[in-house]
Amino acid sequence: MSVILKSGSAQVIPLFVGTYTHKGNSEGVYLYSFDVSSGDATMESYLKTDNPSFLARSAQYIYAVNEDDNGKVSALKFSDSQFDVLNQLSTEGMHPCHVALGVREPVLVVSNYSSGSLVLYSLNADGSLHKKEDFIQFEGTGPNVERQKRSHVHSAFFNVTGDRLYVSDLGSDRVVEYNIVNTGTDYAFQQVGGIKLKGGSGPRHVAISEDAATIYALAELTGEVAVYQKSNGQWQLRQTLPVYAEGFTGEQGGADVKISPDGKYLYATNRGEADVIVHYKILKNGLLTQKNVYSVEGKSPRNFNFSPEGKFVLVTNQQSDEIVVFNRNTKTGALTDSKKRIAIGQPVCVIF
């Protein structure tokens, strides 16, 4: 549930931004108040912490990875527009780049990019991190000699019901499917399946349909969305579509992929030289048709997110140091530039 920060006719909810701090133009995790009727944002406060690139939220608790050589994950609590640090644990790896909260169990999953590992933590009732529960070191390579010399775990996403976890290994072109097993005293990963993508594609993030029958895998290295559906218990490739405009030949950099709150549309960003967000319609059979390609009005779009009712799409343009707010037509899914900007150094992740 979102918390209304201010009373009155306007409904204002919290908006959190994770950033890179190594260039010195950002301090850490930022809290804004966001007006869901106008799209205006006002900074409330920030917490100084090192490279909190990706965030996850549960009620008043925020979890941030600290994307450093010696990776950490931080548990934060916010109240009255202020942050408190609950605790911090090592991720036992280099450059953690993604964090996900369990749906069924009080657990947290962190992806270590550079060292190619996946970590499972349990959470205490007060929102703090309890302990490391499990750790998997991925091993593998891919044909892209510059980017795939080893495994690079880039993200882990739960499906809506929380009974499956999908982990993208950019280095070995795999998406691995897990259960989280509760033994009564501990938690553990249990592999139950997986997807082998086209060699050199480099899966980064996935979006999962509400019925869990379709997975949309975003390939960073080729700038594509690959659509997979299950047949006879195995994930089968059904479709591959570009995350760029027809005729584009520049460097690819698929970044993020999400399904709209109404389940009717899919969006994906390309932070290579394209600098676009692409809008697809989801057909009744789960396949896609590309509708529009929009400039992100900046450089290096990373994460993006929908306002809770889907009226706005916020895109973090890391290299141009701002978040661009798009108006979204909730009927057609079309985006238009609202001309509203949130100036912030090296934004990476935006969540409500």
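Salt bridges number 16 in this predicted model, where a salt bridge is a side-chain nitrogen of Lys or Arg within 4 Å of a carboxyl oxygen of Asp or Glu. Local features need pLDDT of at least 70, side-chain atom pairs count only at pLDDT 80 or more, and totals for chains, interfaces and linings use all residues. Residues are numbered from 1 along each chain as its sequence is written, and side-chain values use heavy atoms, with hydrogens and water left out.

One of the salt bridges joins Lys48 to Glu27, with 2.6 Å between the closest N and O atoms. This pair links distant parts of the chain, 21 residues apart: Lys48 is in strand E3 (residues 41–48), and Glu27 is in the loop between strand E1 (12–19) and strand E2 (28–35). Strands (E, at least two residues) and helices (H or I, at least four) are DSSP runs, numbered from the N terminus. Lys48 is exposed at 64% relative accessible area, while Glu27 is partly exposed at 26%. Here buried means under 20% relative accessible area, exposed over 50%, and partly exposed in between (1.4 Å probe, protein chains only).

Glu322 and Arg341 form another salt bridge, at 3.6 Å from N to O. Glu322 lies in strand E26 (residues 322–328) and Arg341 in strand E27 (residues 335–343), 19 residues apart. Glu322 counts as buried because its relative accessibility is 19%. Arg341, at 31%, is partly exposed. Lys339 bridges to Asp337 at 3.8 Å, N to O. Lys339 is exposed, at 66%. Shared partners join Arg147, Arg204, Glu220 and Arg271 into one salt-bridge network.

Lys264, Lys281, Lys284 and Lys291 form a positive surface patch. Patch residues have over 30% relative accessible area and no salt bridge; like charges are joined within 9 Å, and nonpolar side chains (Val, Leu, Ile, Met, Phe, Trp, Tyr) within 5 Å. Lys291 lies in strand E23 (residues 288–295) and is partly exposed at 45%.

Strand E21 (residues 265–270) is mostly covered, with 6 of its 6 residues buried. Tyr265, Tyr267 and Thr269 point one way; Leu266, Ala268 and Asn270 point the other way. E21 pairs antiparallel with strand E20 (residues 254–259) over 5 bridges; pairing requires at least two DSSP bridges between the strands. Asp256 stands opposite Thr269. Their hairpin has 5 residues between the strands, and Gly263 takes a positive phi near 75 degrees. E21 also runs antiparallel to strand E22 (residues 276–282), joined by 6 bridges. Asn270 faces Val276 across this pairing. In the E21 and E22 hairpin, Asp275 has a positive phi near 50 degrees.

How values were computed. Areas by Shrake-Rupley, 256 points an atom, 1.4 Å probe, with all protein chains shown as cover. Lys, Arg positive; Asp, Glu negative; His and termini not counted. Charge placed at Lys NZ, Arg CZ, Asp CG, Glu CD.
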